[in-house]
Amino acid sequence: MAEKHINWFALEKACAKPGCPVCTIVRDRSARYIDNMLFEHVSDRGFRERYRNALGFCPDHARSLESYRDGLAVAILGEDILAHVLPDLKRGKATKVRDECPACAETARVEREFLGFLAESEDQALKDFFTASEGLCVPHYRALVTSVKKVPLWLRDFHERRFEELLRRTRNFIEFSAWGRQDDFAALSPEDKVVWKEIARSLRGAAD
Ligand SMILES: [Zn+2]
Ligand SMILES: [Zn+2]
């Protein structure tokens with residue numbers, strides 16, 4: 001139960017922020033994971049082997065390395081990868097990628113954990129703060145629907161209503177953008193005038 005407790009608080013905190021709560025958690029956790037790997041596990045054999053097999057982090061996760069506070073750890077990992085691929089490159093060959101980006105694997109694990117936790121929760125306080133949030137992005141709701149045997153009714157209702165509403169507002173935005181509908185457009189709420197940003201964010205998922 002101790003672990004559930006941690007997840008509950010993590011969700012509560014993420015729900016108070018804008019955007020999909022699971023995206024927020026994933027972003028925080030993957031930053032922490034990379035930090036932890038570079039700081040504590042750079043000489044860990046298991047991690048180094050996976051890192052080498054993956055030819056390093058994916059571009060998304062590797063982006064943070066250049067601004068990382070520990071240049072030595074980044075250099076050690078980079079040296080490893082470049083020394084590993086250079087002989088192949090010299091022979092005009094591409095070194096095989098044999099493993100998934102370790103940070104992506106960690107992300108997938110965290111996503112499964114939180115989606116499972118959410119689907120199993122019967123806690124009213126959790127339902128309250130969750131339904132006061134933006135809810136899951138489309139990719140995370142899709143992951144929930146396909147990974148959980150039965151999506152609880154409260155979660156399903158909440159998301160279906162949210163997505164229906166987003167669709168309706170987006171259609172209005174499109175319709176009122178037409179020539180001659182300037183008055184209707186002007187009457188839209190400030191949020192509805194930029195609903196295109198909201199639908200883009202909801203469909204993209206992932207963290208900024
Ligand atoms: Zn998300
Ligand atoms: Zn990655």
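**Notes on the predicted model**

1. The protein chain contains twelve helices and zero strands, and, since this is a predicted model, what follows should be read as a description of computed coordinates. Read from one end of the sequence to the other, the pattern is α-α-α-α-α-α-α-α-α-α-α-α.

2. On overall dimensions, the radius of gyration of the protein chain is 22 Å, whereas a compact globule of 208 residues would have a value near 17 Å. The C-alpha trace spans about 65 × 50 × 30 Å along its principal axes, and 20% of the 208 residues count as buried.

3. As for the range of the contacts, among those in the protein chain with a separation of 6 or more, 78% are between residues 24 or more positions apart.

4. Which residues touch the most other members of the largest nonpolar core? They are Val22 and Leu136, in a core that has 17 residues. The elements that give two or more residues to this core are α1 (2-15), α2 (21-40), α6 (102-120) and α8 (138-147), and the largest share, four residues, comes from α2.

5. Looking at Val22 itself, and leaving aside residues up to four places away in sequence, one finds that this valine touches Glu111, Phe114, Leu115, Leu136 and His140.

6. There is also a second, separate core, made up of nine residues, and among them are Tyr33, Tyr51, Ala54 and Leu77.

Key
Residues numbered from 1 in each chain as written. Chains lettered and ligands numbered in written order. Predicted model: local features only at pLDDT ≥ 70, side-chain atom pairs only at ≥ 80, totals over all residues. Core = buried A, V, L, I, M, F, W, Y, C linked by C-beta atoms within 7 Å. Buried ≥ 20, exposed ≤ 12 C-beta atoms within 10 Å, placed from the backbone. Contact = placed C-beta atoms within 7 Å. Rg over C-alpha atoms; globule rule 2.2 N^0.38 Å.
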